[in-house]
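Here is a short report on a protein model. It covers the sheet, a strand residue, a loop and a pocket.

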Amino acid sequence: MIPLQAFRIGDLGIAAAPCELFAETGLELKATTPFAKAFTLEIANGYFGYLPTPAQHKLGGYETWIGTNRLEVEASTKIVAAIQQMWAELAAAK
């Protein structure tokens, strides 16, 4: 398990993950947030390396090598889902 956090300040959603997210992951979070504006903090509460998407893992770049990436292939998908769930709960608590 890795520490993930989600915050809400009015209509702003903030997520925090202990990884270096790929642009695709940050854009997916931004596109699916229930808030008017949102952003993600990287390398928060620890460091687990790069967070390549499953598609990037198939390409095999250095971000997918053991040492630069310490998480499973589906980690980005699971992290996005967890943050989306946390944001949904925060949005419902208006």
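Contact here means heavy atoms within 4.5 Å. The model is predicted.

**A residue in strand E4**

Phenylalanine 39 is found in strand E4. Which residues does phenylalanine 39 contact, leaving aside its neighbours within four places in sequence? They are Leu12, Gly13, Ile14, Ala15 and Trp87. Is phenylalanine 39 buried, exposed or partly exposed? Buried would require under 20% relative accessible area, and exposed over 50%. Phenylalanine 39 has a relative accessible area of 37%, so it counts as partly exposed. Glutamate 63 is 24 residues away along the chain, and the two C-alpha atoms are separated by 22 Å.

**The sheet**

Strand E4 spans residues 37-41 and pairs with E2. The sense is parallel, and five bridges link the two strands. On the other pairing, strand E1 (residues 5-9) meets E2 through five bridges. E1 and E2 run antiparallel. These two strands form a hairpin with two residues between them. Glycine 10 sits in the turn, with a positive phi of about 60°.

Individual bridge partners are listed here.

| Residue | Bridge partner | Strand of the partner |
|---|---|---|
| Alanine 6 | Alanine 15 | E2 |
| Phenylalanine 7 | Isoleucine 14 | E2 |
| Glycine 13 | Alanine 38 | E4 |

What is the strand order of the sheet? It is E1-E2-E4, in an open sheet of three strands with mixed pairing. E1 and E4 stand at the edges. Each has a single partner strand, so one side of each is left without a neighbour in the sheet. From one strand to the next, the twist averages 15°.

Helix H3, residues 75-92, packs on this sheet. H3 touches E1, E2 and E4. The direction of H3 makes about 30° with that of E1.

How many of the five residues of E2 are buried? Four are, and the strand, residues 12-16, is mostly covered. In a regular strand, side chains alternate between the two faces of the sheet.

Most residues other than glycine have a negative phi. The loop holds isoleucine 43, and strand E5 comprises 50-51. Isoleucine 43 has a positive phi, near 50°. Asparagine 45 lies in the loop between E4 and E5 as well. Its phi is also positive, about 65°, although asparagine 45 is not a glycine.

How accessible are these two residues? Isoleucine 43 has a relative accessible area of 44%, so it is partly exposed. Asparagine 45 is partly exposed too, with a relative accessible area of 48%.

**The largest pocket**

Rolling a probe the size of a water molecule over the atoms shows where empty space is left. The largest pocket has a volume of about 160 Å³. Which residues line the largest pocket? The lining is made up of Met1, Ile2, Leu4, Leu71, Glu72, Ala75, Lys78, Ile79 and Ala82. By class, seven lining residues are nonpolar and two are charged.

Note on methods
Residues are numbered from 1 along each chain as its sequence is written. This is a predicted model: local features need pLDDT of at least 70, side-chain atom pairs count only at pLDDT 80 or more; totals for chains, interfaces and linings use all residues. Side-chain values use heavy atoms; hydrogens and water are left out. Buried means under 20% relative accessible area, exposed over 50%, partly exposed in between (1.4 Å probe, protein chains only). Two strands pair if DSSP finds at least two bridges between them. Axes are lines fitted to C-alpha atoms, for helices over the stretch in contact, and angles run from 0 to 180 degrees between N-to-C directions. On a 1 Å grid over the protein atoms alone, a cavity is a set of points where a 1.4 Å probe fits but cannot get out, and a pocket is an open set with protein on both sides within 12 Å along at least five of seven lines; lining residues have an atom within 4 Å of a point. Grid points are joined across faces, edges and corners, and a volume is the space filled by probe spheres set on the points. Ala, Val, Leu, Ile, Met, Phe, Trp, Tyr, Cys and Pro count as nonpolar, Asp, Glu, Lys and Arg as charged, and the others, Gly among them, as polar.
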